[in-house]
Structure formats: structure tokens, C-alpha cells
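Hi everyone, thanks for coming.

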Amino acid sequence: MSFGLHVLFYVALAGSVTSSIYCGMVIAAALRFGLRKRRDDRADADFTPPLSVLKPLHGTEPGMERNLETFFEQEYPAEFELLFCARHESDAGLQLARAVGARYPHVDAKYVTCGEPMPKFHNAKVYSLEKLDSIARHELLITSDADVRVERDYLLRMVQNLKDAKLGIASCVYLGTAYGGDQASFAAKLDAVGKSVEMTSGVLVADMIEGTKFALGATMATRKKSFRDVGGFAELGQFYADDFELGHRLAKQGTGVKMATHIIRLMVQDVPFWLSIRNQLRWMQSTRRSRPWGHLGSGLTFAMPFGLMGLAWGLASGHALAGVAWLLAMAVNRWLQAGAILGVMGDRRWLRNVAIYPLRDLLGSLLWVGSYGGDKFYYRGKIYTLKPGGRVEAPDEA
């Protein structure tokens, strides 16, 4: 064989080995998570302090009305308040929240505005959280994004994590769910299964190896004190991945950070493929800046690129059957990973999502490569620059 074929073979072999080791770790982490979840689900949910639920809003999207309704339908046996904040009173999301709230007059809900973010406060979500925190009546907080959809026991289950006074924050993994179900585009389904499997795999493996040292911002159970302990909202507002930074700083201080076993749904919009790619690439770029070495190593956790390399080697070297078998082995690798994660998370579309996950793995690897292509990203009408450590810089500061 030529030198080039030797290089191709050994790169494909090395990547196949590392991705297979990772698959085994994911399966072990999923089993561990399943045992924890079973134990937590059976435990008495007897911790019911008063809660403030903070929901920043910015505009509306398909399915958001149902997302909001699930928060008004909570079966929580103690006092809780729902607090909504948008930049302006005319915001469509805030108006929708008011309309939904009018159908649930028994729920204590408030609707406020915060105006445009201050200079050097680029994360508008955190700016809204600062406003909501200032009017929240209770010390214990539940935060959630507008695209989150929950079950009726969500508040009750999430707050149990704060029973431990040493715990500063608990977040949870989520099932990506394409809005429109079976009628959603294939791009939306790939995005959703990536959020379910790729994200959850990394989170559960990290938790198994070294414990949780970060938070996921889709929903968090936390304390007012936790935001103050990491420097306040103005400090967090300088980061794109404010959730990661909040959990990371608390963990470095020795405050308890936990990945809860409760599972929520993250609704994925059916947007054009190019827009879906741009949104996913933005998160990859953010991860590269927030966790540079971890992100670099994650390139070895993908399987399908190395399977394609194995196929290319087989076709070029006269070992076509071996190349096809190599590619199939990597597809099985991803099916096992997806099956373990989606099974333990109770995905109702388990079979379909497992079947398409090898394609998502290949797309994820391309996005990983693309994350090294630049530091600028488009978000809500502006182009930002990601700086080392995950801070963001607006164009007028460059």
C-alpha cells in the first residue's frame, strides 16, 4: 500500500477505536443515569418550599403557546409564582404569555419589561433574568427558556434537588422534540436527535467521570444567592454560554452543582436547513471557546467520519468488503449509543431516532470542523465575536 493509504488506515483505525471506547462509556453512563432516575422517581417528593419561576421571553414561535400552558398547569402543592419578562411591552411573546395566563386566573403570574440590554451586557436572556430576579419574592428559583415543554410534576421534581442546602444549582438533560412531529422536516429531526443524544451523551459521561461542573440553561433549579456568588448578572451577561459559566464558577468555588434526573422536552423549530446549521454551528463555536480542550477531544468521539475513512481505504486498497464492514460497524456503534440514551430518556420515537442518528453523527462532525473556521456569529440581528473563555464582543467594541 502507498504511504497515503497507510495514513488513511491508521487515522480511521484510531478514530474508530476512540469512538468505540466512547460508545462504551456512554452506555455505562446511561445505565448509571437510569438507576439514579429510578431511585429519584421512587423517592418521596416532600420538599415543597415557595418558588419563583423565571421565564425570559423574546418573540414567539410555533408551539410556544402550548409550552407556556404547561407551566400554568403545574401540580405544585405549595405557593409559586410565574414571572415573565421581555424587552418591550409590545413583544409578541409577552403578549402571548398574558393571553395564556388569562385562562389560568388562579395562577400567580406577573409580566414585566426590562428594556434593551445595557452596553457590554450582550446576553439579553441574562439581562431579563436580572430584572426577574429583582422582583422574585422567593429565594428558590426555577428558570426556563421559552422553548421548554414540561410535565405537570416538573416543579415538584426539580425543586427536590434543592433540598440539600449545599447545592447551588441543578439542571437537567432534555429530549429534543421537532415541532410538528412526523410532519417536521428531516433537518429538524436531525437537529432534535442531536440535542437528545449528542448533548446528553457528553453530559452523562462527564458527570460519571468527574461529576457535574457546569449547568444547562434550558431549565435550572437554583438560589438567588448562586447568581451573586459568581459575580452577578452583569458578569454572566458578558458570556454567550452563561449557563456553563454559572455552573462552572459555582463548582470551582466548591458549591454543589448537580445534573438532575428529571427530563424535559426542548422543542426544535422546523426552520430551513441553512438556518438550522447556522444555529448549531453557533453553539459549537461557543463550546470551543468555553471548553477548548474538551471540545478538541470531542472530535474523537464521532464515529461515522472514521467509518467513511475506513470505507475509502477499503475501496482504494482492494478490500472493498472490509471497507463496507468498517462503515457498518461504525453505524452500529452510533445505533448502540443512541439506543442507550434515548431508551433511558423514554423517547416515544425511539426506533426512528436511533435509525437516523448515524447521519446526525456525521453532521455533528462536520459542525465540529466548522467550529474552528472563525469566531464571528450572527444572533438576533447582530454579528458578535467570540473571545477566549466564551465572552462575546459586539461589533462596535472591535
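Let's begin with Phe84: leaving aside residues up to four places away in sequence, Phe84 touches Lys55, Leu57, Leu68, Phe72, Leu94, Ala97, Ala109, Lys110, Tyr111, Val112 and Leu132, where contact means heavy atoms within 4.5 Å. A word on the source: this is a predicted model, in which local features need pLDDT of at least 70, side-chain atom pairs count only at pLDDT 80 or more, and totals for chains, interfaces and linings use all residues. Residues are numbered from 1 along each chain as its sequence is written, and side-chain values use heavy atoms, with hydrogens and water left out.

Phe84 is also, with Leu57 and Val173, one of the residues with the most contacts inside the largest nonpolar core, which has 71 residues. Such a core is a set of buried Ala, Val, Leu, Ile, Met, Phe, Trp, Tyr and Cys residues joined through side-chain atoms within 4.5 Å, buried being under 20% relative accessible area (1.4 Å probe, protein chains only). Helix 6, residues 186-210, gives the most to this core, with seven residues; helices are DSSP runs of H or I, at least four residues, and strands are runs of E, at least two, numbered from the N terminus. Another core, of 22 residues, lies apart from it, with Cys85 and Phe227 among them.

Now, where is Gly181? Its place is the loop between strand 6 (167-178) and helix 6. Gly181 is buried, at a relative accessible area of 13%, and touches Lys189, Arg349 and Arg352, again not counting residues up to four places away in sequence.

Key:
Buried means under 20% relative accessible area, exposed over 50%, partly exposed in between (1.4 Å probe, protein chains only).
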